[in-house]
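Subject: A model for you to look at

Hi,

Here is the model I promised to pass on, with my notes below it. Please have a look at it before you read on.

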Amino acid sequence: MADKHYVLFEEQQKDRGINLDEVKEKLRTIKIETPSWGYGDSGTRFKVFQQEGVPRDPFEKIEDAAQVQKHTGISPGVAIHIPWDYVDDFTKLKAHAEQHGVHLGAVNPNLFQDDEYKFGSVTNSDPDIRRKATDHLLECVDIAKTVGSKELSLWFADGTNYPGQADIRKRKHWMYECLSEMYNALDEDMRMLIEYKFFEPAFYHTDLADWGMSYNMAQKLGPKAEVLVDTGHHPQGTNIEHIVAYLLDEKRLGGFHFNSRKYADDDLFAGSLNPYELFLTFYQIVSALYDEDAGVQKNAKSIAYMLDQCHNLEAKIPAMIRSITNVQTLYAKALLINLDEVQQAQEKQDVLAAEHAVRKAFEFDVTPLLRVVREEMGVPADPMAAYLESEYGEKILKRGKGGASW
Ligand code: PSV
Ligand code: MN
Ligand code: MN
């Protein structure tokens, strides 16, 4: 017998002209990758708290990620970070993932940990260091080919702390040179997602500081390069939804790193702060999914959704489940926006009606809808409760403390 809350919900939405079959189909097909590094120990520059049961190697990180997929059904990809997840044989890691019902997702090169990168990686004035950085990028392209991943997520810590420390224009050219070498190594169906961040670790200038710089770089490189929006990488007050709409219209929105922030790049779990912002981000995506321009629609359909968060205090697997279900909830709410109603209000230039048409979708409780969608997908109606009831959390305690750190 259908759940009485769902029956009511269904009636309510049908009356509003919402096609729930389409909504459900979209909720079943969205996929959100989890980051391998989010399963490891992390902290701030003041302290890394060690938790018991943290994975000790990339294989165990995959096993933990498989739990998130098992309970949510929409997170089958695991993004990896190289060399944090370096293994001798990547075919083994790939097979291990597949045995556990997941696959390896975006490959993230790491150009911020070696001493040589103190003054920059792909922007370093020393050509030998730029060579080393480019070789690492090429190595990551090879790893992606080996594990069958189609995406490389690129974030560069490159920047300076003081005016005059380096030549900003020269650095821009050096970065382009290195990235074009990488671009040329990509297969036709691969893409590089270029992430930006306005500061940190550099405090004066960062070579890719905002979406415009990433977009410009992507445009120069070619169609296989797109922009990656990390929701924690903007100055306070930035209108992320506007950036998303703009990039969709330019057909260059590559993907997201979802996380929440209050002050800077806080990497808190997604949807924990300002969920309305995430809802409005999805509003732009949903509206692009129905755009008359086939290119915009195609871009909206090809977005790579990923989490990028660290759990310093909270348990890692439940935090990941919470993020996934939060993102799913906000997407579900955005799918309830009646786009025709918004458009009619826009045509009449009725500001109040237009804002209301968007906001009222946010105010619906989508719990009955999500429970039904999950049941239809064969996953628990309440993923968090099901995970906490499982014995997995207990079982991993035998790993002890001192697992991998991010
Ligand atoms: C940088 O702050 C970042 O958002 C990049 O995506 C890195 O790969 C990740 O965090 C590492 O923690
Ligand atoms: Mn990120
Ligand atoms: Mn970040």
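Two residues are said to be in contact if their C-beta atoms, placed from the backbone, lie within 7 Å. Helices (H or I, at least four residues) and strands (E, at least two) are DSSP runs, numbered from the N terminus. A residue is buried if 20 or more other C-beta atoms lie within 10 Å of its own, exposed if 12 or fewer, and partly exposed in between, again with C-beta atoms placed from the backbone.

Those terms let me start with helix 14. Helix 14 covers residues 367-377, and its buried residues are Leu369, Leu370, Val372, Val373 and Arg374. What covers them includes helix 1 (4-15), helix 2 (20-29) and helix 11. An α-helix has 3.6 residues a turn, so residues three or four places apart point the same way. After helix 14 comes Gly378, with a positive phi near 80°.

A word on conventions. This is a predicted model, in which local features need pLDDT of at least 70 and side-chain atom pairs count only at pLDDT 80 or more, while totals for chains, interfaces and linings use all residues. Residues are numbered from 1 along each chain as its sequence is written, and chains are lettered from A and ligands numbered from 1 in the order in which they are written.

Overall picture

The protein chain has 16 helices and 10 strands. Its radius of gyration is 22 Å, which agrees with the value near 22 Å for a compact globule of 406 residues; the radius is taken over C-alpha atoms, and the globule rule is 2.2 Å times the number of residues to the power 0.38. Along the principal axes, the C-alpha atoms fill a box of roughly 65 × 55 × 40 Å. Of the 406 residues, 45% are buried. Among contacts between residues at least 6 apart in sequence, 78% join residues at least 24 apart.

The largest nonpolar core has 99 residues. Such a core is a set of buried Ala, Val, Leu, Ile, Met, Phe, Trp, Tyr and Cys residues joined through C-beta atoms within 7 Å. Leu152, Ile194, Val227, Val244, Phe282 and Ala334 touch the most other members. Helix 11 (residues 316-335) gives the most to this core, with 11 residues. Leaving aside neighbours within four places in sequence, Phe282 is in contact with Leu330, Tyr331 and Ala334.

Leu152 also belongs to strand 4 (residues 151-154), where Leu152 and Leu154 point one way and Glu151 and Ser153 the other, all of them buried. Strand 4 pairs with strand 6 (residues 191-195) in the parallel sense over four bridges; strands count as paired if DSSP finds at least two bridges between them.

Leaving aside neighbours within four places in sequence, Gly254 is in contact with Arg191, Leu193, Glu226, Val227, Leu228 and Ala304. Gly254 is buried, because 26 other C-beta atoms lie within 10 Å.

Around the ligand

Which residues are around ligand 1? They are Trp37, Asn108, Trp155, Glu195, Lys197, Asp230, His257, Asp265 and Asp308, where a residue counts as near if its C-beta atom, placed from the backbone, lies within 6 Å. This shell divides into two nonpolar, two polar and five charged residues. Here Ala, Val, Leu, Ile, Met, Phe, Trp, Tyr, Cys and Pro count as nonpolar, Asp, Glu, Lys and Arg as charged, and the others, Gly among them, as polar.

Backbone points to check

A cis peptide bond joins Ile82 and Pro83, with omega about 15°; Pro83 is in the loop between strand 2 (77-82) and helix 4 (90-99). Another cis peptide bond joins Glu200 and Pro201, with omega about 10°. Glu200 sits in the loop between strand 6 and strand 7 and has a positive phi near 80°, although it is not glycine. Glu200 is exposed, with 12 other C-beta atoms within 10 Å.

Asp267 is also a residue other than glycine with a positive phi, near 55°. Asp267 lies in the loop between strand 9 (253-258) and helix 9 (275-289), and is buried, with 23 other C-beta atoms within 10 Å.

Best wishes
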